[in-house]
Amino acid sequence: MRKTSWETLTTKYPALFSTTLLIVALLINLYLQPNMFARETLNSNMRVFLPLVLLAVGQAFVILGGGIDISVGGIVSIVNTILAVYVGLNGSIEKMWIYMIVSLFVGALCGAINGFFIAILRLQPIITTYATSFLYVGLALFILPNPGGGIPQSIAEFYRTTTPLGIPLAFYIIAILLVIWRYIRSTQFGSYLYAVGGKAEAAYETAVPVTWIHFSTYVISGLMSAMAGIAITMLSGSGNAEIGSPMTLSAITAVVIGGTALSGGVGGVTGPIMGALTLGIIQNIISFSHINTWWETFVKATIIVIALAAPGLINLFGRRKS
Amino acid sequence: MSAALSAQHVVKRYGGVVALSDANLDIHSGEILALIGANGSGKSTISKVINGVVDLDGGQLLLDGKLVRITSPQVAKHLGISTVFQELSLIPQMSIADNIWLTREPLKSFKVINRKLLNQKTEELLSLFDGTLRTKFKPDLPVSALSPDEKQIIEILKAISIDPWLIILDEATASLDNRQVERLFELVRQWKAKGKAVIFISHRMEEIFRIADRFSVLRNGKTVGEGDIKDITEKELIQLMIERENVVQFTKVSAESESQSRTKSVYLEVENLQTETLHGVSFRVHEGELVGVGGLRGQGQRDLLLSIFGDIPFHGNIKIKGQSIHFHHPKDAIKHGIALVPGERAREGLLYIRTVLENLLLPSWNKYGFPLKIRKAKEDAARVGDRLNLVMASLMDPVSSLSGGNAQKVVIGKWLLRNPQCYLLDDPTKGVDVNTKAEFYALLTNLSKEGKTILFYSSDDDELVGLCDRVLVLHDGIIRAELKGRTLTKENLIAASLGVSNGGEA
């Protein structure tokens, strides 16, 4: 009975666990870094977290629909190199606008390629996007073989320092994402997304356009990856074809910590956003607790493993008690 | 809203297997038709044909006298035909309301789903089953939190939410309790009065006689009888379901030796076995006895075999040779000399893409030391292959290259090397050709002669009657009847399977 109630709770409030985790991480971070909520510190943290947040949102759509996209890092890299090479350190604002729009198109196109293979040719998502990730990274390397290039300092500064009404820019973007998600969740598309991820066969028998839904999740993921690419380029100000690759697994981890099951059909976007923030804060905690750099990766991984295992452990104890 | 659907001379093949050879069916508005037949007679197939899940290979469907092609469930829906599937079409993570109205959600502006109206419409549907559901039954409860009967009711509500004129109820009452069945029947009568038609598929004779107007009997994919339910008795219906001609000849080993088996010691003793589907099963099997387990599919036979094998948790006592045991893992059972031939051989019985050799030796590799004595292993495997008359190109070929019958021989062959004392067989002749079946029967009788104890579930009633010393018939998770000697006839077996009371408890 306990098990059912926990299950019911997590199905109804998919962000329950990730909220708890985020609050715990926040408290630890606050203890180690008391000035954390000062405007400057908060902003410098948030602008670093934002690219992963955007990536996690796109990934959440794919995973909710029952797939997985491990090419997102490659798309981030392509966008980063496009901006760094074609806008350039001395480019104009107009150029930046044009290539940001180009980037979004490229991202959507990359997503459509994934979607074509997976939804229409019915290939395995994990293998397909693994393969296309090389395609995308390869393209990024072709555009920019060695790290370099960049965007104008003024644009990077705009991203880094804008705090309307004293609130970091990232919060506005997250708020917009949440509003859009709430809208999507309440439409028929949102309902189809959960149906397809939950049990694709049953959805098909009920006349849900399964292929189209699968396809669209990869396009959304491509678009969000492009936005993450734009954000990370503004953050770093320079180009590097390898910049995206390490972000892929972080994005998937953020989604899972956020209570969105890899099997699909459970969770949402709010949880993954908090998951991405949590991962960022964990990184913060590690750098402030003066852990020997040798141990850093190990400690980080341990925290993530515990966070991932926690819901399973709660279920296990629930079963024991009943 | 008056309509009529007629299926004429329908043929449906799955690969080489003929599921329907000449199925006929007529149904009109305001009528309840009972579709009756034994296991594998094609009831579910004909309902799938009518619902567009499978396309027919021959024959035709007429709607109001006009030829129609129902190529997908969507087409069926447009024609006003709705099915309550035996395997539910619900999405567990989604709420009751979302499931019922999926693809037909009421929308507000900007394509936003109108939750209020959605929940209201769901409440209206749920009120049809008022009093038979838990009180806290809310439209936003996820389906995964429901019990099997509640899920079944949601599936029924989903089917009727499109307001069809023809509703197919495929075993819809199987998981409902009495009050829920009662309510469903009230609804069915209301639908009938409104001019809707219902095809009612059930194994429960009592229900068929209560609700149906007409009947149609399928046997081996052929319609063998139709008529008004008031003109026929239970016994006559069962007669219709039974086949006269017998294809395979059976040789019984120990039909004469009933007294002999009594003198042998008890090998397996099961007392009050309970699992999710079993509700207190007790029986004994003597050494060297071949005991059949019969009944309709899904009455707990699988759980029975799996719990003895230590594969699923259970309550109750199991004794082997008088010694109480409670296996928690199949390896314990294997150590005690028990072997299982599972029901789904591709998934549970074999490493499909690995070689015949590896599969045959899988339970016994530890006998071949370290490093492995490969030559001896090959010799042993070849011997088992010969004994089973295994048709294969080489021991090193993958099992996936074998025919169904030969693959099944590998499943049983992998145990022969361990020489177990007791075999648990879960429908081993399913999808196996006639010749291999005959070889199987010979093998089973031989094993039984050697003194091995065999518990044999089969969905083929002829096999059970022809081969076994005794047959335990399961129905709703209990042993409905124990048939042996003169009472072991196909009539009694089917009657007991259907839960008819006169199932010869000798």
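This note goes through a predicted model of a complex, point by point.

1. **Ground rules.** Residues are numbered from 1 along each chain as its sequence is written, while chains are lettered from A and ligands numbered from 1 in the order in which they are written. The model is predicted, and local features need pLDDT of at least 70, side-chain atom pairs count only at pLDDT 80 or more, and totals for chains, interfaces and linings use all residues.

2. **Confidence.** The predictor gives the complex an ipTM of 0.75. Its pTM is 0.70. For chain B the mean is 83, with 92% of residues at 70 or more. Within chain A, confidence is lowest in H1(A), at a mean of 58. It is highest in helix H11 (residues 210-236) of chain A, at 94. Helices (H or I, at least four residues) and strands (E, at least two) are DSSP runs, numbered from the N terminus.

3. **Where the chains meet.** The contact takes 20 residues from chain A and 20 residues from chain B. Residues count as in contact if their C-beta atoms, placed from the backbone, lie within 7 Å. On the side of chain A that touches chain B, helix H1 (2-12), helix H9 (188-198) and helix H10 (200-205) of chain A each supply at least two residues. The largest share, 5 residues, comes from H9(A). This side of chain A divides into 7 nonpolar, 10 polar and 3 charged residues. Here Ala, Val, Leu, Ile, Met, Phe, Trp, Tyr, Cys and Pro count as nonpolar, Asp, Glu, Lys and Arg as charged, and the others, Gly among them, as polar.

4. **A helix pair in chain A.** Look at helix H3 (residues 39-64) and helix H12 (residues 247-257) of chain A. Their axes come within 8 Å and cross at roughly 65°. Axes are lines fitted to C-alpha atoms, for helices over the stretch in contact, and angles run from 0 to 180 degrees between N-to-C directions. The crossing of H3(A) and H12(A) is right-handed: the near helix is turned clockwise from the far one by less than a right angle. Residues of H3(A) in the contact include Leu52(A), Leu55(A) and Ile63(A). Those of H12(A) include Met247(A), Ile252(A) and Val255(A). The contact residues divide into 10 nonpolar, 2 polar and no charged.

5. **Domains of chain B.** The assignment, automatic or from a database, gives domain 1 (4-241), domain 2 (246-337 + 420-506) and domain 3 (342-419). The C-alpha centres of domain 1 and domain 3 of chain B lie 43 Å apart.

6. **The six-stranded sheet of chain B.** This open sheet has 6 strands in the order E16-E17-E18-E13-E19-E20, with mixed pairing. Strands pair if DSSP finds at least two bridges between them. Strand E16 (338-341) and strand E20 (478-484) of chain B are the edges, each pairing on one side only. The twist averages 15° from one strand to the next. E16(B) runs parallel to strand E17 (residues 422-426) of chain B over 4 bridges. There Ile338(B) stands opposite Cys422(B). Helix H10 (residues 301-308) of chain B packs on the sheet, at about 150° to E17(B). Helix H18 (residues 490-497) of chain B also packs on the sheet, touching E13, E19 and E20 of chain B, at about 25° to E19(B).

7. **The four-stranded sheet of chain B.** Here 4 strands form an open, antiparallel sheet in the order E12-E11-E14-E15. Its edges are strand E12 (279-286) and strand E15 (323-325) of chain B. Strand E11 (residues 266-274) of chain B pairs with E12(B) over 6 bridges. Gln274(B) has His279(B) in E12(B) as its bridge partner.

Methods: Two residues are in contact if their C-beta atoms, placed from the backbone, lie within 7 Å. pLDDT is the predictor's confidence in each residue, from 0 to 100.
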